[in-house]
Amino acid sequence: MEKQPRLLASQLLLKNSLFEVSLNRVLLTWKEIATKKKRVSGGIHHPFKVGFCFPKFLRRDKGESGTSHGVSVSEILAVRELDVDSETKDDGRWQKMPQKSTEAYPYAFTVSYVERAWQHRWRCSDVTFHCLEGALCQQWVQTIREQLTALTSRPKHLLVYINPYGGKQQGERIYEQKVAPLFTLASISTHVIVTEHANHARDHLRTEAELKKYDGVVCVGGDGMFSEMVHGLVSRTQRDNGVDQNSPEEKLVPCTLRIGIIPAGSTDCICYATVGINDPVTSALHIIVGDAQPMDVCSVHHNNTFLRYSVSLLGYGFYGDVLADSERKRWMGPARYDFSGFKTFLTHHYYEGTVSFLPATDILGTPRDKTRCRAGYHQPLFLLPEYKGGWRVIRGKFLAINAASMSCACPRSPKGLSPAAHLADGTTDLILVRKCSRFNFLRHLLRHTSKYDQFDMNFVEVHRVRRFRFTPRYCQSDSELDLRENGKRLFSQICRDHPACSCSPAYSSWNCDGEILPHAAIEVGCVTTPYNLLCKYTVHSESI
């Protein structure tokens, strides 16, 4: 790393100890000035605790001259001058000031910054420096603020949607108590809308929202709320630019706004797969510092008619049946997924059909890689490479057909459906689970929560693809499909009422990011888009 010139350097007091404090465009560092006299009382303040996962240049280092600390300027949240005489912070909270500091160093300023903890968790921490002169204190505050202003990736104005009904119905409380104070600290202005019904955020973004006023859009909710915002923004952008969404071959026009998500849902798969944890404070801090991660968006069509976009999971068979059954049990809350999952597992339905896919042969990595994607695969956006191979066709009986555009990790499945899925490479991992015994299917499901390779089974295969199509066995024509489906609905209901019947329904439903698609025969294309998440996947400690 190229050495940066100093912007400021001073000797300042920190908790009764004298420190050499230095600031450049990259780092704020403070190093204790060693004294011969050993202090008996008044411990040294250590904002960075031993064991946290920091890059080497940010770790605490103890040498002959004392203990040193450092924080990246990009992870400083705010700086504010304190009124030492009143013994309070400017945010109204009481702060106990050491008597020695108030007498000899009557001026002080506080720097708020990101502190990394275990398991990808971020927290806001403060360090307060005391100065001899008021002019010096103001100079430090002004210089740090100038460096923060120069960080153009940070949002200044956000449009926030809160889902008060998702998950455990804690969205409003989470935002008001945990997120709003951090946005205020970082001087981010917000316009907050509490949604009143399903697709409220999507419809508002499509038609009414004045997008030019904001640097980003944030939702407080679950994966369904995030999907709403993606559909609203993408559809609005394509409409404004005259793009026909019904054409599977059309290239999407990029949107300048970023999308952020504060987890408050049932599974929070999007947050868990990108940030590494479903923690509201961690996500808010990622948003504040302007972290961004490009993402893949799959467009789903049926007979040249646009259905939906998908950013995480497309699931047919098992996951489609689980969603369809759980929708009838919303009164159970998050527990409905466990109940419906167990019920669907016991029914053990399989479905016949044909899967056609275009393999991604021109990229690095495979779905069987041992390492997780941590930063995405950075290829030119919207640049689809020339396909060297042709389409492959697989026919059979399937218990599940899944397409994962990200790992789809969540607290219950830390590895996810496809642990090595890349976050932004223009592909999706197509997972085919063929008909097998109930016991073998259970082994496959349990491996989602273990360290073992969930694809290492002879009835499971996985392919990294650019596009794919699925046609159910009995989908010869639209009219015939409609006729068969009407009849199958009747007989499948009879089968549910009479478990002794051994027949299986002819079709399932597609689970598209938690929403049911109206058609079983679909065509899916995946491209890397600049609809960046206002968050970034946190590097695992073992990778450093």
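Analyst: Cysteine 408 lies in the loop between strand S17 (392-404) and strand S18 (428-434). Strands here are DSSP runs of E with at least two residues, and helices are runs of H or I with at least four, numbered from the N terminus. This is a predicted model: local features need pLDDT of at least 70, side-chain atom pairs need 80 or more, and totals for chains, interfaces and linings use all residues. Residues are numbered from 1 along each chain as its sequence is written, and side-chain values use heavy atoms, without hydrogens or water.

Phi of cysteine 408 is near 60°, a positive value in a residue other than glycine. Cysteine 408 counts as buried because its relative accessibility is 9% (buried is under 20% relative accessible area, exposed over 50%, partly exposed in between, with a 1.4 Å probe and protein chains only).

Aspartate 513 also has a positive phi, near 50°, and is not glycine. Aspartate 513 sits in the loop between strand S20 (510-512) and strand S21 (515-516). Its relative accessible area is 9%, so aspartate 513 is buried.

Now the cores. The largest nonpolar core has 52 residues (a core is a set of buried Ala, Val, Leu, Ile, Met, Phe, Trp, Tyr and Cys joined through side-chain atoms within 4.5 Å). Phe318 and Val433 are among those with the most contacts inside this core. Helix H5 (residues 223-240) gives the most to it, with six residues. A second, separate core of 25 residues includes Cys298, Ala403, Leu432 and Val465.
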